[in-house]
Amino acid sequence: MSTAAAGYSPRVRSLFSALEGAGDLPEAAGAEVSGEAVALDRLAWVRFAARIDARRISDCRFRAFGCPHTLAAASLVATQLRGAPIDAGLVLDAARLKRELDAPAEKMGRLLVVEDALRNLLDGARRVQYQRRWPSP
Amino acid sequence: MRDAVYLDHAATAPLDPRVAALMSACLADPDLQANPASSHAAGRAAAERLAAARGQVARLVNALPEAIVLTSGATESVNLAVLGSVRGAGAGHRHVVTSRVEHRAGLDACRQLEREGHDVTWLAPGGDGEISAAQVEAVLREDTALVSLMHANNETGALTDIGAVAGLCEARGIAFHTDAAQSAGKVPVDAALPGIALLSFCAHKLGGPKGIGALYVRRRPRPPMQPLHFGGGHERGLRSGTLALHQAVGFGLACELAAAALGDESPRIRALRERLWGQLQAAAPAWRNGAAEPSVPGILSVGFAGIEGESLLLELDGVVAAASGAACNSATGEPSHVLRALGRSEEAIQASLRLSLGRGTQAEDVDRAAAAIVRAVARLRAALPLGALERIA
């Protein structure tokens, strides 16, 4: 109850405290894509927005509702995606997030929501790039 | 706890320094080391001190000292009241009436009775959190052995009209038990009201030590009771075991202090609670769980749209000590059964915070806590996905 911090690793506390990457993308060159996952039954809702430039993610931001692990994971993903090539694959899946955050097993459901939002973002990014290379007639 | 604003008095109140000093003195007093049940002079001295403490405890609830059974706390008192009275009622009385918003002690004791073959009627509260006498009257039966309802709810603070319910029970010869753990010392509690057969309360909610409580057991007519455990037949055969004199002495003083402060503290704390609620309007949309009145003065259960309770508590960690919507179920991590019974959604339950004020709470504490909560809510909302604020409430 009142000992809310007892169950959180230093990494979670640090990420949660800063929430780096929270908010909206600033105006800049490049295409904007987003990926979202909502699971209110797990009390988690995550949305990533990224700017794509030259097949790389030039910037990434998130918005999220959820527990400290959810917010920390979303922040970690958003900051680590910056500069990543869009074809790099899913570098931060739920299992990796769990390890990075030293999260308990019962948080896996919420971390999977973060993973789903990331997957949707990367799928969107690849679609944008495909459409740019092969525009519709 | 030293730097944070402590708003978790409903979980436990800080030990009053006067109580701590008296308990320490009692532990160190060479004349109070004997077993109060011993017949020699040293035992009699301890027994005299125990009797004085029992008298102080009894006076808080307008009872005779002989009607007070000392226990390890309200959980044991509730278990003894519910299990002991129903098991003692005999084969012809298999029905129990309680509510869905009881403390886990009451819920789990009644579930145990169901496992033993008893029939339990679980009353649901209205949206205001109250159980009415009319609801109770509608379900009473010929074979009803016990009606057990909280006086004040530990999560919402809502007060039950125990006088009306006790009157119904009195007229039908049914035992009535009330869990007064959250109300004793906060509002006037009168065990002498017609129809109250059993009444539970404890020390640590009113500035006394943890580990001691009391069960008032009406003397005439005494409800048929079975003990939960056996030994030397202490406490009128209902609670065997050598009593901890220093605990009883601390409990007694805490009751006396609470009774003396009741007239001034109750309106002061109620005004502080409303001041807190008023300041939390800056974090709207927000809601109050349960009706503002009738209630015990110190409990405010609030919810904030778009907020996940765990994150809010971490935001407040070290600044405000409060309880989440998981409230009394923190050991299991289950969402509050009380808020669920009030019809709140899972999201709204998780978005809720129980803030409970006590004798040590001052206006500046309330102002500091409110400002911190408003800041924390704003920060978390700033990170919400679009549409979440409207959808999560």
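B:Pro294 sits in a loop of chain B, between strand E9 (286-288) and strand E10 (299-304). Helices and strands here are DSSP runs numbered from the N terminus, with at least four residues (H or I) for a helix and at least two (E) for a strand. The peptide bond from B:Glu293 to B:Pro294 is cis, with omega near -5°. Keep in mind that this is a predicted model, where local features need pLDDT of at least 70 and side-chain atom pairs count only at pLDDT 80 or more, while totals for chains, interfaces and linings use all residues. Residues are numbered from 1 along each chain as its sequence is written, and chains are lettered from A and ligands numbered from 1 in the order in which they are written.

Now look at another loop of chain B, the one between strand E8 (213-217) and helix H7 (245-280), where you'll find B:Pro221. A cis peptide bond links B:Arg220 to B:Pro221, and its omega is about -10°. B:Glu235 belongs to the loop between E8 and H7 of chain B too. B:Glu235 isn't a glycine, yet its phi is positive, at about 50°. Is B:Glu235 buried or exposed? B:Glu235 counts as buried because 20 other C-beta atoms lie within 10 Å; the cut-offs are 20 or more for buried, 12 or fewer for exposed and partly exposed in between, with C-beta atoms placed from the backbone and counted within 10 Å of the residue's own.

Over in chain A, A:Asp102 also has a positive phi without being a glycine, this time near 55°.

E1(A) is joined to strand E2 (residues 44-53) of chain A by 9 bridges. As for A:Ser34, its bridge partner in E2(A) is A:Ala49.

Finally, see where the chains meet. The contact takes 19 residues from chain A and 21 residues from chain B, where contact means C-beta atoms, placed from the backbone, within 7 Å. On the side of chain A that touches chain B, E3(A) gives the most, with 3 residues.

Terms used: Pairing = 2+ DSSP bridges. Contact = placed C-beta atoms within 7 Å.
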